[in-house]
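Subject: Structure handover

Hello,

Here is the structure I promised. Please open it alongside this message; my notes follow below.

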Amino acid sequence: MQFHSHKCSHESSIESANRMRTVQLLGVKEENCTTKTLTFQDNLSKTADPGQFLMVWIPGVDEIPISLSGISSDGVTSITVNAVGDASSALNQKKKGDVIGIRGPFGHGFVPVKGNVIVIGGGTGLGPMLPLTEMLVDMASKITVMSGVKCQDNLLFLDRFTDLLCDVNSETICTTEDGSYGFEGLVTSQVEKKLSSEHVDMIYTCGPEAMMYHVFRLAEQYKVPVQASLERIMRCGIGLCGSCVIGEIRVCKDGPVLTSEQLRSIKDEFGKSRLDWTGKKVKQ
Ligand SMILES: Cc1cc2nc3c(=O)[nH]c(=O)nc-3n(C[C@H](O)[C@H](O)[C@H](O)COP(=O)(O)OP(=O)(O)OC[C@H]3O[C@@H](n4cnc5c(N)ncnc54)[C@H](O)[C@@H]3O)c2cc1C
Ligand code: FES
């Protein structure tokens, strides 16, 4: 007797994305003092949505989640990595020709919409905002990109955003906490100014959770929908291990990009707590 597989195409596409594949780095570009963009060829990432992520294996070190910062129909794919610990630092020491492992792309990304939109990136959170903005330039009636960093040395992708936005109705607003470039202070003060002066149709955000929580509170106050890309410890990346759980949500599978409605459902934990490496709930 013959048995037939009845897997749906969604299941089998996750299965093939979950198979670890090795890629050779085509290039490594220094973006600022702690951040580099790594480029490689990957056919599965060709059709990824902005905001989706890869599980990146650094041989002998660890495997960590990193968002796609470059998506292209020819398969030339990029990730932008900030060196904060062992794995991200080891990744940023890689050179052209070195090999890394990848699984993915995983999760739900950003959904581009028409109308007046704000794109808010804090630090390396600007990475996934590049492919998102590439899609928005063909759809949105106005795009405001807001970038918040600690100081001028941490600025990221200014030229890239300027190029992308040069032919569309747009604005770019930079803030630095020390006032060394653009507006002094937190990006959220500029967000509030914008929301109090213009009708906005959608806010997209990625960055430190404290920033995104503040953005979400403002968006609720001004009744503007939000799409926010959350970070949690991730191991499996496909909804099995539970290490990324927040409320009823598995950030790797249901997110990492969550809508206002999903954010409301986790309001007791969003911006307040997360699971640590042992699975214990700790303060943000
Ligand atoms: C869906 C998703 C997408 C992500 N996309 C990106 C991306 O595009 N680029 C990128 O650089 N990172 C991204 N991250 C974060 C990245 O996965 C972590 O920075 C990485 O796992 C840290 O691993 P590590 O071994 O280098 O540091 P660890 O050894 O785990 O941590 C070392 C120290 O750094 C601190 N730390 C850990 N993570 C962060 C952080 N994110 N920011 C500041 N301090 C931190 C820890 O608290 C610890 O003190 C993403 C995370 C998720 C969940
Ligand atoms: S990382 Fe395992 S369930 Fe999300």
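At what angle do the axes of helix 3 and helix 4 cross? Roughly 10°. The model is predicted, so please read every value here as computed from it. Helix 3 covers residues 129-136 and helix 4 covers residues 158-165, and their axes come within 10 Å. An angle under 35 degrees counts as roughly parallel, so helix 3 is roughly parallel to helix 4. On the helix 3 side, the contact is made by Met129, Leu130, Thr133 and Glu134. Helix 4 brings Arg160, Phe161, Leu164 and Leu165. By class, this contact of helix 3 with helix 4 has 5 nonpolar, 1 polar and 2 charged residues.

One backbone point belongs here too. Phe157 sits in the loop between strand 8 (140-149) and helix 4. Phi of Phe157 is positive, near 60°, and the residue is not a glycine. Most residues other than glycine have a negative phi. Please look at that loop.

Helix 5 (residues 187-197) packs against helix 6 (residues 209-221) at an angle of about 15°. Their axes are 10 Å apart. Helix 5 and helix 6 are therefore roughly parallel to each other as well. The crossing of helix 5 past helix 6 is right-handed. Helix 5 contributes Val187, Thr188, Val191, Glu192 and Leu195 to the contact. From helix 6 come Met211, His214, Val215, Leu218, Ala219 and Gln221. Sorted by class, the contact of helix 5 with helix 6 has 7 nonpolar, 3 polar and 1 charged residues.

Now the ligand. Which residues come nearest to ligand 1? Of the 19 residues around ligand 1, they are Pro65, Thr80, Asn82, Ser88 and Glu231.

- Pro65: a backbone N or O atom lies 2.7 Å from an oxygen atom of ligand 1.
- Asn82: a polar backbone atom is 2.8 Å from an oxygen atom of ligand 1.
- Val84: a polar backbone atom is 3.4 Å from an oxygen atom of ligand 1.

Last, the peptide bonds. Most peptide bonds are trans. Where does this model have cis ones? One joins Gly104 and Pro105, with omega about 5°. Pro105 lies in strand 6 (residues 99-106). Another runs from Gly255 to Pro256, with omega near 10°. Pro256 is in the loop between helix 7 (251-254) and strand 15 (257-259).

Best wishes

Note on methods
Residues are numbered from 1 along each chain as its sequence is written. Chains are lettered from A and ligands numbered from 1 in the order in which they are written. This is a predicted model: local features need pLDDT of at least 70, side-chain atom pairs count only at pLDDT 80 or more; totals for chains, interfaces and linings use all residues. Side-chain values use heavy atoms; hydrogens and water are left out. Axes are lines fitted to C-alpha atoms, for helices over the stretch in contact, and angles run from 0 to 180 degrees between N-to-C directions. Helices (H or I, at least four residues) and strands (E, at least two) are DSSP runs, numbered from the N terminus. Angles under 35 degrees count as roughly parallel, over 145 as roughly antiparallel, 65 to 115 as roughly perpendicular and the rest as oblique. A crossing is left-handed if the near helix is turned anticlockwise from the far one by less than a right angle, and right-handed if clockwise. Contact means heavy atoms within 4.5 Å. Ala, Val, Leu, Ile, Met, Phe, Trp, Tyr, Cys and Pro count as nonpolar, Asp, Glu, Lys and Arg as charged, and the others, Gly among them, as polar. A residue is near a molecule or strand if one of its heavy atoms lies within 4 Å of it. A polar contact is a pair of N or O atoms within 3.5 Å; within protein, one must be able to donate a hydrogen and the other to accept it, and residues adjacent in sequence count only if both atoms are side-chain atoms.
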